[in-house]
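Student: Could you walk me through a helix and then a cavity in this one?

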Amino acid sequence: MCGIIGYIGNRQASPILLDGLRRLEYRGYDSAGMALQNGKDLQVLRRAGRIDNLALLVAEKKPQSHAGISHTRWATHGAPTDENAHPHRDQSGKLALVHNGVIENYQTLRDALKLDGHLFTSETDTEVLAHLVGKYYDESSDADPVQRLISAVQSALVRVKGTYGIAVIHTEAPEVMVGARLGSPLVVGLGEGEHFLASDVSAIVAHTKDVIYLNDYDVVTITKSGFDVKHLEGGIAKVLVSRVDFTEEDAEMGDFPHFMLKEIYEQPQSIQNALRGRLSRDEATAVLGGLQMSPQELRGIDRIILAGCGTAYHAAMVGEYLIETLARVPTEVEIASEFRYRNVPTDKNTLQFVVSQSGETIDTLAALREAKRKGIKVLGIVNNVASTIARETDGGIYIHAGPEIGVAATKSFTSQVAVMTLLSLLLGRIRNMSSTDGLELIEEMEAIPDKITAILKQADHIKEIANKYAHVEGMLFMGRQMNYPVAMEGALKMKEISYIYASGHPSAELKHGVIALVKPELPSVFIAPHDAVFEKNISNIEEVKARKGPVIAVATEGHPGIEKVADDVIYIPRCPSVLSPLLTVIPLQLLSYYVAVARGCDVDKPRNLAKSVTVE
Ligand code: M6R
């Protein structure tokens with residue numbers, strides 16, 4: 001949530017900052033700003049609204065500077081106005097600071113600063129932090145402004161309760177920029193005669209692929225020619241230079257009108273990437289070295305907990321069905337934000353997985369930490385390799401989906417489900433699954449990418465259906481067994497990008513209450529592939545039709561009959577029922593996409609949302 005980029009070097013800073021902000025805009029998009037060193041004072045430019053508004057201001061002011069910090073905001077404290085936009089200045093006006101995260105004790109700090117005569121111009125917690133750092137800077141007797149600034153940042157941050165990723169500049173120390181992190185990501189980009197600070201590598205990958213992912217409690221100082229990382233309370237910090245494994249183009253839209261559509265179309269490839277090198281035909285099993293657990297250890301597991309939020313939670317729900325069906329290990333799924341505050345009974349044979357595309361979702365991170373506190377082994381199913389969750393887990397399975405920029409998660413869902421299928425195969429094969437069944441599953445998994453390609457070819461048909469229903473007031477999504485989570489995922493996609501109220505239910509629950517909503521203006525989407533509950537789904541469809549509710553069905557090709565009861569049908573290729581969520585979700589992603597486009601919604605940046613949710 002929110003994005004930061006800072007630059008110090010020989011080039012003009014403002015174009016680099018603007019380009020970086022555009023690449024980070026998916027993290028927050030209600031206001032943006034930058035502060036630039038111009039030799040004597042700071043030039044601070046801020047605007048409510050999208051980056052384009054800030055770009056107009058930059059074009060008008062034409063700032064000349066080789067060092068600056070910038071920010072795109074997702075509001076936590078205070079409305080999205082020019083005044084609340086970052087960067088914020090201290091009392092002297094000589095220091096500027098950008099911040100991701102939440103300062104929980106900001107009110108106490110603000111009251112204390114006010115008693116000292118500080119005046120605030122915004123409602124934000126960030127301005128309080130800027131004033132606090134400025135106060136320590138002004139009170140310091142150190143003759144060296146660089147040392148003063150570093151010490152002031154350290155002194156302020158030890159008083160802070162909450163989370164932060166920050167970048168700070170001061171007119172009296174124009175040759176440096178100071179950054180720090182606790183619970184909110186910050187990365188240093190290493191260039192030739194230039195350095196960067198960013199909350200996400202996608203902001204700087206156009207300029208450098210050599211980066212340092214900072215750890216919690218790191219305080220970094222960058223100059224044109226170097227960097228220095230210290231621990232918040234003094235002493236040396238561990239520094240590891242990493243190479244970014246994706247290109248600038250991977251995080252761009254190419255010929256697609258939206259990131260979401262690009263990412264939907266990437267799924268044949270992203271699933272192949274999730275499977276690559278992980279299927280052993282010889283042993284008829286999956287090879288998952290990242291788990292760092294021997295077959296004996298895995299055999300000792302008698303209970304699995306899967307935790308995640310949003311789409312990752314829905315993928316985990318599919319995972320529960322997969323693990324229990326294929327490996328017969330009792331599995332529970334927890335919404336990460338609830339798990340954290342529950343007292344879930346566990347024992348030494350419990351294994352927990354946290355599922356997260358970004359690896360930064362604070363609720364999922366908190367669930368991970370809570371589980372570890374209780375001595376549970378926690379593994380990750382994560383996309384972002386350098387993320388906090390990836391680093392704090394005891395191992396795991398990367399999904400290798402590549403950058404996902406659209407706020408609506410698409411390819412991460414199918415990749416998460418794909419790796420949970422691998423996990424189930426592995427656990428099944430060391431328990432009671434035969435090699436014949438294992439091999440059959442492997443062959444079916446390898447066929448999934450081509451089957452997704454076949455579904456994508458029906459995009460025009462799905463678009464027609466979307467246009468037909470684009471102006472309804474609500475939608476119901478129904479599915480059973482493994483496709484119940486897909487119904488929930490379909491409803492989430494519809495809600496978040498088209499603003500149509502939608503809810504997902506097990507089909508059989510219809511008659512326990514939901515059917516009261518059915519009417520001609522409220523279509524129901526039934527996920528009804530040809531499986532053991534197909535006939536039951538047909539009965540539920542009949543019940544809706546009897547009450548004049550329109551029905552869109554997702555069904556398996558080669559099984560005629562459903563078109564007689566449903567108004568519109570989208571066919572998926574045949575596949576084993578355990579793999580069907582990998583196919584049935586694709587038409588739902590396209591349906592919500594085309595409905596949102598037809599309604600004129602901002603598909604990649606839905607209102608009130610941000611890509612990774614780093615506040616509780
Ligand atoms: O990065 P994560 O997978 O941890 O994110 C979890 C949710 O915030 C995310 O799936 C969210 O629900 C998406 N906007 C859904 O499309």
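This is a predicted model: local features need pLDDT of at least 70, side-chain atom pairs count only at pLDDT 80 or more; totals for chains, interfaces and linings use all residues.

Student: How many residues does helix 17 have, and how far does it reach?

Tutor: Helix 17 runs over residues 534–546, which makes 13 residues, and its span from the first C-alpha to the last is 18 Å, close to the 18 Å expected at 1.5 Å a residue.

Student: Which residues of helix 17 are buried?

Tutor: The buried ones are F534, N537, I538, N540, I541 and V544. They lie on the same side of helix 17, because the arc they cover around the axis is only 160°. In general, an α-helix has 3.6 residues a turn, so residues three or four places apart point the same way.

Student: And which exposed residues sit on the face turned away from that buried side?

Tutor: That face of helix 17 carries E535, K536 and A546 as exposed residues.

Student: What covers the buried residues of helix 17?

Tutor: The cover includes strand 24, residues 524–528, and strand 25, residues 551–556.

Student: What phi does K548 take, just after the helix?

Tutor: K548, which comes just after helix 17, takes a positive phi of about 65°.

Student: Changing topic, how many cavities of 30 Å³ or more are there?

Tutor: The count comes to one cavity of 30 Å³ or more, and the largest cavity holds about 60 Å³ of space.

Student: What lines the largest cavity?

Tutor: Its lining is made up of C2, R73, W74, T76, H77, H86, H99, G101, T124, D125 and T126, and by class this lining has two nonpolar, seven polar and two charged residues.

Definitions and conventions
Residues are numbered from 1 along each chain as its sequence is written. Side-chain values use heavy atoms; hydrogens and water are left out. Helices (H or I, at least four residues) and strands (E, at least two) are DSSP runs, numbered from the N terminus. The expected span of a helix is 1.5 Å times one less than its number of residues. Buried means under 20% relative accessible area, exposed over 50%, partly exposed in between (1.4 Å probe, protein chains only). The arc is that of the directions from the helix axis to the C-beta atoms. Contact means heavy atoms within 4.5 Å. On a 1 Å grid over the protein atoms alone, a cavity is a set of points where a 1.4 Å probe fits but cannot get out, and a pocket is an open set with protein on both sides within 12 Å along at least five of seven lines; lining residues have an atom within 4 Å of a point. Grid points are joined across faces, edges and corners, and a volume is the space filled by probe spheres set on the points. Ala, Val, Leu, Ile, Met, Phe, Trp, Tyr, Cys and Pro count as nonpolar, Asp, Glu, Lys and Arg as charged, and the others, Gly among them, as polar.
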